[in-house]
Amino acid sequence: EFYFCKDEKENIQGSVVVQINDADIYIELLVTHPRNIRSSLNEKDPEKVQGAGSELLKKVEDLAHFLGKSQVFLEASTSALSFYSKMGYQKSSSS
């Protein structure tokens, strides 16, 4: 499955690819436009769209709930760990 979010001008600001398994959903890829990544380099960028990643993650969580899936899994890059932690995700004991 593939989902994306757009801004008010219909520009794509992020996308997510998920694999739906019997018991859970696995996020294969979640990306946002580079200007949307939280950084001191772009904090004043007028084109920055805040919340694109959060919106995509919420879409996946809503899909999991709708399909009756028990968990959402992913492998996060080191730079994205704080984002997922802030969103309530926990590091797996098998990691």
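Helices here are DSSP runs of H or I with at least four residues, strands are DSSP runs of E with at least two, and both are numbered from the N terminus. With that in hand, here's a quick tour of a predicted model, in which local features need pLDDT of at least 70, side-chain atom pairs count only at pLDDT 80 or more, and totals for chains, interfaces and linings use all residues. Residues are numbered from 1 along each chain as its sequence is written, and side-chain values use heavy atoms, with hydrogens and water left out.

**Salt bridges**

- Searching the whole structure turns up two salt bridges, each being a side-chain nitrogen of Lys or Arg within 4 Å of a carboxyl oxygen of Asp or Glu.
- One of them pairs D62 with K58, at 2.7 Å from N to O.
- Both D62 and K58 sit in helix α1 (residues 52-67), and they're four residues apart, or about one turn of the helix.
- D62 has 39% relative accessibility, so it counts as partly exposed; here buried means under 20% relative accessible area, exposed means over 50%, and partly exposed is in between (1.4 Å probe, protein chains only).
- K58 comes out as partly exposed too, at 45%.
- E10 and K6 also form a salt bridge, with their closest N and O atoms 3.3 Å apart.
- E10 counts as exposed because its relative accessibility is 52%, while K6, at 38%, is partly exposed.

- You'll find D7 in the loop between β1 (2-6) and β2 (12-20).
- The side chains of D7 and Q13 are joined by a polar contact of 3.0 Å. A polar contact is a pair of N or O atoms within 3.5 Å; within protein, one must be able to donate a hydrogen and the other to accept it, and residues adjacent in sequence count only if both atoms are side-chain atoms.

**The nonpolar core**

- The largest nonpolar core has 17 residues, and V16, V18, I27, L30 and V60 touch the most other members. Such a core is a set of buried Ala, Val, Leu, Ile, Met, Phe, Trp, Tyr and Cys residues joined through side-chain atoms within 4.5 Å.
- At least two residues of this core come from each of β1, β2, β3 (24-32) and α1, and α1 gives the largest share, six residues.
- If you set aside neighbours within four places in sequence, V16 is in contact (heavy atoms within 4.5 Å) with E1, F2, Y3, I27, L29, L30, L56 and V60.
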